[in-house]
Amino acid sequence: MTCSHCGLELIENAKFCPRCGAPATPPPKTPTPPPAQDASTPPACQVPVRKKKGSATVCFALLSLILAVVLVLQNLGIIGLIGETDRSSARMRMEGAGYASAEEAVEAYINALKQGDVPAALSTFAIETYVDSYDTQAGLFYTGAWLPAVSSDGTYELLGSDYERQLRCFSRQASITQKLYGQLINYSAYFQEEKIFLNNENGTPVAFREEEDVKEFLRVYRESSFGKALAEMELKDFVDPKDLCEAYGSEAHLKNMSERGQLFGCDEYKSVAARISLNGETWLLTMDCICYGGRWYNLSQSSVLSNMLGASVYLYGLIPYSITGNSLFP
């Protein structure tokens with residue numbers, strides 16, 4: 001090692017030059033060369049990055065699958081087209097596919113009541129088809145007046161818009177549901193405390209003078225066995241309406257039914273009577289049924305036949321033997 005200032009040869013590890021006093025500077029370390037690499041292996045920094053082959057093909061296939069699923073959902077009516085404002089095709093239908101006969105429609109309704117399945121019971125009724133087929137102009141002329149109360153069940157088409165049609169369908173469904181609920185309330189009282197039923201049979205209010213009256217009223221309903229009786233209800237057979245009421249087969253009545261059928265825009269319209277076993281007794285279930293395109297649906301629980309038998313509209317077609325007194329009932 002030599003002095004960087006005067007060039008004197010210095011001893012090893014000397015800190016100062018003895019001649020000039022300059023600090024001794026150790027010589028720079030020579031860097032160790034990297035180990036030799038095999039000529040067949042390129043430097044690490046030059047290793048080429050492998051590109052994934054077929055990535056564009058995979059993306060294209062995925063997009064094609066998504067598009068195919070969207071098209072299938074559109075064809076099934078589950079979703080509407082992109083940007084579509086009328087979403088009527090995407091709505092679930094309230095009514096079912098209909099039945100081969102009116103009796104099958106009534107039997108399906110009875111089975112739904114037994115199971116306590118409200119959507120299944122509602123699906124046996126003509127809802128969308130009824131709304132779309134009713135002749136409003138002929139109906140208004142037939143009644144001879146505008147009845148605001150009738151509009152609540154979705155019968156009349158006044159505006160012709162899709163929005164109105166939706167409301168009419170839901171109004172009709174609500175009207176049927178209300179009758180189901182009225183039937184449950186009235187007969188729950190009948191099964192437990194007949195005097196409450198008889199007071200309420202024609203819509204007469206039940207008065208409460210004391211708090212105990214309310215408690216007793218609620219007790220009657222909460223201890224009622226009507227729900228259990230419905231679950232065990234059995235269909236016995238069907239009865240010809242003319243055997244229950246001679247006037248049903250009269251020329252005047254058949255003409256009236258034909259005229260109403262024209263208003264409904266249907267193929268056929270009639271009342272059906274089913275004998276059922278309920279709570280160990282024989283009852284009569286009457287329904288108005290309607291046929292569209294060869295398929296039968298229930299139309300109303302408050303049937304023309306039950307009215308002709310003198311039954312209250314608040315019975316909604318379910319009539320106990322003790323009320324009818326008809327000789328056909330054992």
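A polar contact is a pair of N or O atoms within 3.5 Å; within protein, one must be able to donate a hydrogen and the other to accept it, and residues adjacent in sequence count only if both atoms are side-chain atoms. Hold on to that for a moment.

First, the ground rules. This is a predicted model, where local features need pLDDT of at least 70, side-chain atom pairs count only at pLDDT 80 or more, and totals for chains, interfaces and linings use all residues. Residues are numbered from 1 along each chain as its sequence is written, and side-chain values use heavy atoms, with hydrogens and water left out.

Now the contact. The side chains of Ser303 and Thr286 are joined at 2.7 Å. Ser303 sits in the loop between strand E4 (295-300) and helix H12 (304-308). Helices (H or I, at least four residues) and strands (E, at least two) are DSSP runs, numbered from the N terminus. Is Ser303 buried or exposed? Buried, at 0% relative accessibility. The cut-offs: buried is under 20% relative accessible area, exposed is over 50%, partly exposed is in between, with a 1.4 Å probe and protein chains only.

Next, helix H2. It covers residues 102-115, which is 14 residues. Its first and last C-alpha atoms are 20 Å apart, close to the 20 Å expected at 1.5 Å a residue. That expected span is 1.5 Å times one less than the number of residues. Among the buried residues of H2 are Ala105, Tyr109 and Leu113. Just after H2 comes Gly116, with a positive phi of about 65 degrees.

H2 also has a link to a strand. Glu103 and Lys270 form a salt bridge through their side chains, 3.9 Å from N to O. A salt bridge here is a side-chain nitrogen of Lys or Arg within 4 Å of a carboxyl oxygen of Asp or Glu. Lys270 is in strand E2 and Glu103 in helix H2, so the pair ties together parts 167 residues apart in sequence. Lys270 is partly exposed at 25%, and Glu103 is partly exposed at 28%.

How many salt bridges does the structure hold? The count is 10. Another one joins Glu216 and Arg219 at 2.5 Å, N to O. Both lie in helix H8 (residues 211-222), three residues apart, about one turn of the helix. Glu216, Arg219 and Glu223 are linked in a network of salt bridges.

Last stop, Asn279. Most residues other than glycine have a negative phi. Asn279 has a positive one, near 60 degrees. Asn279 lies in the loop between strand E2 (268-278) and strand E3 (281-292).
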